[in-house]
Amino acid sequence: MKHFLLGLFLLTAGLGHPSESMQDDTVCAVVRVQFSQQLVLTRTVFTATLELNNGTTALLEDVEAVFTFDEVGGDAADQRFSVGLPSLVGYFGTGEPLAGEAWGWSLGDVLPNASGQATWTISPLREAAPTETSVRYEVGGVLRYRKNGSLIVAPLFPQTIEVRPNPSLTLNYYLQRIVYSDDPFTPDVVEPAEPFSLGLMVQNAGPGVARDVRIQSFEEVEIIDNQNGLAVAFQVLGG
């Protein structure tokens, strides 16, 4: 378990020390704020590249690629992976998915005496390695295209990959219940704002290691609801 103290804030205006004339259950106004953060960690992904060299004078039309995933010594595992859209170089197509295929794409055409290259990013899902043990898979498929009107189907020989388990992060925030600033009910006295803490605890409950975990806190605190138009401001002091 890792602990992160994300920041200290300075409340410069708004509700503050309750005056003697206020009851304990009195609410002056409600202000909603938003503090944006970004969490980044390293994940295991694979890159697949398919290069088709057309050394003939004929146009290769309607090139299609279909991937299959099978656990080594086990069952088909197409649903345990996520494959992004291909990046195309030399193909005259859009790389759109094929209907009826779990992981298939239309790549377009390849000109005579030219070559086309398609690159995919393959991301294993949590189900690909649900325990602390790595799992091996074979990635194969078929390549289809038309040449001079004839349909040609060529197998993509399987390549073995090893998938390691993913982490599963839970983020728990801790905020001070009572925050003090200038009391609007004492206009002749300006009470000093007192910094308060926002804490974050990150727990990895998954079977994999969370590597290179980084959390970026944006300095600006955004007020997203202030119906009474109070002069409220926040300042991030550090973290």
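The model is predicted, so local features need pLDDT of at least 70, side-chain atom pairs count only at pLDDT 80 or more, and totals for chains, interfaces and linings use all residues. Residues are numbered from 1 along each chain as its sequence is written, and side-chain values use heavy atoms, without hydrogens and water.

**Exercise 1.** Describe the lining of the second largest pocket.

Solution. 
1. A pocket is an open set of points on a 1 Å grid over the protein atoms alone, where a 1.4 Å probe fits, with protein on both sides within 12 Å along at least five of seven lines; lining residues have an atom within 4 Å of a point.
2. The lining holds 14 residues, and A48, T49, F67, V139 and Q159 lie nearest the centre of the pocket.
3. Strands are DSSP runs (E, at least two residues), numbered from the N terminus. β3 gives the most to this lining, with five residues.

**Exercise 2.** Determine which contact the side chain of E191 makes with D183.

Solution. 
1. E191 is found in the loop between β12 (169-175) and β13 (196-204).
2. E191 is buried and has no salt bridge (buried: under 20% relative accessible area, 1.4 Å probe, protein chains only; salt bridge: a side-chain nitrogen of Lys or Arg within 4 Å of a carboxyl oxygen of Asp or Glu).
3. Its side chain reaches the backbone nitrogen of D183 at 2.9 Å.

**Exercise 3.** Decide whether N228 is buried or exposed.

Solution. 
1. N228 lies in the loop between β14 (211-225) and β15 (234-238).
2. Its relative accessible area is 53%, and exposed means over 50%; N228 is therefore exposed.

Conventions. Helix = DSSP H or I, 4+ residues; strand = E, 2+ residues; numbered from the N terminus. Lys, Arg positive; Asp, Glu negative; His and termini not counted. Polar contact = N/O pair within 3.5 Å; in protein donor to acceptor, adjacent residues only side chain to side chain.
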